[in-house]
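This report describes one protein chain for a reader who is new to structural analysis. Please examine the sequence and the structure below before reading on.

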Amino acid sequence: MSAKAGRVPKGRTSEKSAAAPEINPKATKFKLRLAYSPIHRWGIYAEELIPKGRKIIEYTGERISRKETKRRFEAREENYLFTLNSYWTLDGAVGGSGAEYINHCCEPNCFSQIVNEHILYKAKRDIQPGEELTIDYRFDKDVETVICKCGAAGCRGTINLKE
Ligand SMILES: [Zn+2]
């Protein structure tokens, strides 16, 4: 898997922080809750048991080109960009389902799967009520290094992959 998921924290402000974040109820079949996260700003929490392998939520957003992705990445303090393929990126800041608030963790309980150009977040294991949903953003080692503070025993120290 080579997808680079999620937000790129570069500062404290973002275009999106002004609006109250929310989860699109049509994007998920599970009861989820948005709340402050010890990992980073907002996070998403399970409010019921999510069995291993089940689809939790689709990552949605505006479909933008490589060139536009680069422009937004450089223009904003905080981004919600998910690389769909070698050309398209989804910008969760525009039309995001709420999945863009799922934080990075080096030992996550979710994984992403791209099916017919849809980005699906699924449960990597059984997720208990009250657990924060996390996914490995797998930032490329060649982009700006982002220090990881996920707190997992196996934290690799950066959100970027080592190789
Ligand atoms: Zn980590």
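Among contacts in the chain between residues at least 6 apart in sequence, what percentage join residues at least 24 apart? The value is 65%, where two residues are in contact if their C-beta atoms, placed from the backbone, lie within 7 Å.

The model is predicted; local features need pLDDT of at least 70, side-chain atom pairs count only at pLDDT 80 or more, and totals for chains, interfaces and linings use all residues. Residues are numbered from 1 along each chain as its sequence is written. The pLDDT, which is the predictor's confidence in each residue from 0 to 100, has a mean of 89 over the chain, and 88% of the residues reach 70 or more. Over residues 9-17 the pLDDT is below 50, although this stretch has 14 contacts in the model beyond near neighbours in sequence. Where pLDDT is low, the predicted coordinates should not be read in detail.

The chain contains one helix and eleven strands, in the order β-β-β-β-β-α-β-β-β-β-β-β from the N terminus. Helices (H or I, at least four residues) and strands (E, at least two) are DSSP runs, numbered from the N terminus.

Of the 163 residues in the chain, 33% are buried. A residue is buried if 20 or more other C-beta atoms lie within 10 Å of its own, exposed if 12 or fewer, and partly exposed in between. A nonpolar core is a set of buried Ala, Val, Leu, Ile, Met, Phe, Trp, Tyr and Cys residues joined through C-beta atoms within 7 Å. The largest such core has 28 residues, and Leu133 is one of those with the most contacts inside it. Strands 3, 4, 6 and 10 each supply at least two residues of this core. Beyond four places in sequence, the residues that Leu133 touches include Ile44, Ile56, Ile102 and Cys110.

Two further residues illustrate local surroundings. Arg72 is found in helix 1 (residues 66-75) and is buried, because 20 other C-beta atoms lie within 10 Å. Ala152 is placed in the segment after strand 11 (134-135) and counts as partly exposed because it has 15 C-beta neighbours inside 10 Å. Not counting residues up to four places away in sequence, Arg72 touches Asn79 and Asp91, whereas Ala152 touches Cys105, Cys106 and Glu107. The table gives one C-alpha separation for each residue.

| Pair | Separation along the chain | C-alpha separation |
|---|---|---|
| Arg72 and Asp91 | 19 residues | 9.2 Å |
| Ala152 and Cys105 | 47 residues | 7.1 Å |
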